[in-house]
Amino acid sequence: MPARSSTLDTIQLALATMQRIPRRRYTSTAELQAQLRNSGIDRSLRTVQRTLRFLVQHFDIECRDDSKPYGYRWKESAAGILIPSLGRNEALVLSLAERFLRNLVPSGTLPSLETVLASANDRIGRDELHKQWLNKVRYAYPTPLLIPPTIQQQTLDTVTECLYSNLKMRVEYTNRLGATREFIVLPLGLVSRALVLYVIVKFEDRDTPYRLALHRMDSVQATTLSFAPPPDFDIDETIATYGFSPGSQEPIRLDFYIDEGSGQHLTESKLAEDQKCELVDGQYHIVATVRDSVELRHWLRGFGDEVQSVLLDGEPLDLTESTQWSSGEEMSPVEPTKMA
């Protein structure tokens, strides 16, 4: 029985190690050991080294031994591990997930998925109908499709690792006004909005959540200080309450008329759960509780003369006037004027 258990343990370690060896870059023994430990497989560095030597001998895995630490990766021609349960439908879902969700998963989990994703893409490449499907589906954006700002890979890796492991992070940040500050924050959530990534953070001496754009981070470092996530933090409630554009945190009652042709979509996609909609003389009368924001007013202005008699909490709104909110760095408005 002990011998059988030892053999099973060796096989499980080998498979787990193979799943974590990347295809496009080299990884070290220490990195693989850390990934295995994070997944509950705690083995000594020597044991991992011995497993890697075996894998290099018997699989399409190459070792870069011209410098230390040694590096390991799958050969370019290698098929990797073909998981029996990875059927054509599973492969399609994984391929779509990689395309749309890559930046929203902890960076530390990606190396362990590279082989699986490669297998999924290989399976898709051999299935003509599934391959065609990838060219038949897209996200459509309601605004002009801008090129995403550049985010350094190290920044994304550090932020997601701190977020995943509940570690405080030290950030050097340049805000929209060009002011640069350094501070320590508690990362609470990651949000992708219009192809821009934001991390929702909290300062220890403040209750209001803040958001920081990853592309405005000049540097970010993980500290060794852990923290307990606030039990009352709810990312969906935070987004709904504070929003992601300048405006008021307080809900307001929006009341307006819109031409029937332009407003028909509001009978299908509501502005709010309490929205009321009534067709009156070729116009829809819309009443809903919403959050006042720059985006809301831009949206209303976009209809031109087709929107009339706009009231915010009973007060007329002049859509010909631009609205200015202060540019702080709280969730509403957008970025802090004061930084710890």
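A: Asp313 lies in the loop between β11 and β12 (315-316), where helices (H or I, at least four residues) and strands (E, at least two) are DSSP runs numbered from the N terminus. The model is a predicted one, in which local features need pLDDT of at least 70 and side-chain atom pairs count only at pLDDT 80 or more, while totals for chains, interfaces and linings use all residues. Residues are numbered from 1 along each chain as its sequence is written, and side-chain values use heavy atoms, with hydrogens and water left out.

Asp313 has a positive phi, near 50 degrees, although it is not glycine. Its relative accessibility is 48%, so Asp313 counts as partly exposed; that class lies between buried (under 20% relative accessible area) and exposed (over 50%), with a 1.4 Å probe and protein chains only. Ser309, another residue other than glycine, has a positive phi near 55 degrees, and belongs to strand β11 (residues 307-312). Most residues other than glycine have a negative phi, and most peptide bonds are trans.

The peptide bond between Lys68 and Pro69 is cis, with omega about 0 degrees. Pro69 sits in the loop between β1 (61-64) and β2 (71-74).

Asp232 is located in the loop between β7 (217-226) and α8 (235-242), and counts as exposed because its relative accessibility is 66%.
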